[in-house]
Amino acid sequence: MANSRSNPLVTATVEERTLVVAGQDVTGTVTLGRTQDVPAPGGEGVRAVVTATPVAVGDPVAPGAVLVEVSGRPVIGWELPFPMYRDLRGGAQGPDVRAVQQALLDAGHYSGSVDGEYGPATALAVEALYRAARAEPPEVPAEAVAAARAADQAVADARDVLSSGHEGDDLDEGATGGSSAEQALADTRRAAAEARTAALTPLPVAETFDLDGAGVTLVRVSRVGTVIEPGGPVAQVRSGAASVTARVGVAAVAAYTVGAAVSVSAQVGDATTAATVTAVGAFVAEATQDGAPPGYDVSIELPADAGFEDGTGVVVQASDGDEAEGLAVPLVAVREDSSGTFVLRLPPGLEGPREQDAEKVRVSVTTTADGYALVEDTDLAVSDVVVVATSP
């Protein structure tokens, strides 16, 4: 290391080193999964009142099960690639219809083509979904039923006209009259097909709920008799595995690689468990709201029986005692900016170098110990000179 009156910089030489990595402690917060509010169904002139709670708090929610019953109508949970965003009725088309058909097919209720068109087969599958959940299928509006019946009667009347026309008219008049009657019959049949489609069993968006992810559990539900604002939360579910999110600084991130074993202990109390690092995010230059310094957000998956409550503050400790070797620079030579970590390398043979003579060389820190950092993914080489600090 050079440090003299003639040299305004403190420098160091890049070298090969073997480091023994000691455990690194960081703090984090437990998240028991993603929570979702279940909105209460309701419509114009309908009061949203909880009438049944078939799933107990803490129990798992299976696809196809009724989460809660509001004003006598069920809210059925199922898995879709995206939540429903409109009521589906006969004749509806679109990606949401296709998603519903696929979900019904996966559940064993649908055997038709996944074509994105809400037809008779889709309506029958919706009815099967409700009956499997021990719930009454949605009612078809009375006016739609009446229109379908009227259209069927119009077909019958047109058929009678066609039949009587062929029997009673002479050949020329019968040909003209038959053609007109046939056209009328065709028109009434098309109108009847549209009316029957409009009278298919609908699927109200308010009576389904998208279960986002596996391992869904009911964590809250309003008691029977509670009056809920239409669209307001009537229950809450949680999905996904329990995990810890911790901000890890550059000096410690090498001990928190994906797959690394760690121990997690409650900051208050004696709860502790072994866990595994599942993800390491990109470098974040801003501090957290809790005051954690810039660094990397690390995700750690907890076992199902860890026993922590949601929001518990924990201390995470990485394993220690592992050896690592590679290119090494003093830890104080490693710097950070918004784009990541780097060192300042000086040109070889330069006399009286200044910091502005140095170039930024990006590095990835893999391990830190004993005041050194092992780096990779870099253009550095053994014997390169890097800036450590400016001399006083």
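In this predicted model, Arg354 is partly exposed, its relative accessible area being 45%. Its salt-bridge partner is Asp357, with the closest N and O atoms 3.7 Å apart; Asp357 also counts as partly exposed, at 28% relative accessibility.

Arg86 and Asp96 form one of them, and here the closest N and O atoms are 2.5 Å apart. Since Arg86 sits in the loop between strand S7 (73-78) and helix H1 (95-106) while Asp96 belongs to helix H1, the pair ties together parts ten residues apart in sequence. Arg86 is partly exposed, at 30% relative accessible area, whereas Asp96 is buried, at 3%. Another salt bridge joins Asp297 to Arg247, with 2.6 Å between the closest N and O atoms. This one links distant parts of the chain, 50 residues apart: strand S15 (residues 295-301) holds Asp297 and strand S12 (residues 243-248) holds Arg247. Arg247 is buried, with a relative accessible area of 12%, and Asp297 is partly exposed, with 30%. Salt bridges also link Asp337, Lys360 and Arg362 into a network.

Finally, the largest pocket holds about 560 Å³ of space. It is lined by 20 residues, of which Arg73, Pro138, Glu139, Pro204 and Glu207 are the closest to its centre. The lining comprises eleven nonpolar, three polar and six charged residues.

Key. Residues are numbered from 1 along each chain as its sequence is written. This is a predicted model: local features need pLDDT of at least 70, side-chain atom pairs count only at pLDDT 80 or more; totals for chains, interfaces and linings use all residues. Side-chain values use heavy atoms; hydrogens and water are left out. On a 1 Å grid over the protein atoms alone, a cavity is a set of points where a 1.4 Å probe fits but cannot get out, and a pocket is an open set with protein on both sides within 12 Å along at least five of seven lines; lining residues have an atom within 4 Å of a point. Grid points are joined across faces, edges and corners, and a volume is the space filled by probe spheres set on the points. Ala, Val, Leu, Ile, Met, Phe, Trp, Tyr, Cys and Pro count as nonpolar, Asp, Glu, Lys and Arg as charged, and the others, Gly among them, as polar. A salt bridge is a side-chain nitrogen of Lys or Arg within 4 Å of a carboxyl oxygen of Asp or Glu. Helices (H or I, at least four residues) and strands (E, at least two) are DSSP runs, numbered from the N terminus. Buried means under 20% relative accessible area, exposed over 50%, partly exposed in between (1.4 Å probe, protein chains only).
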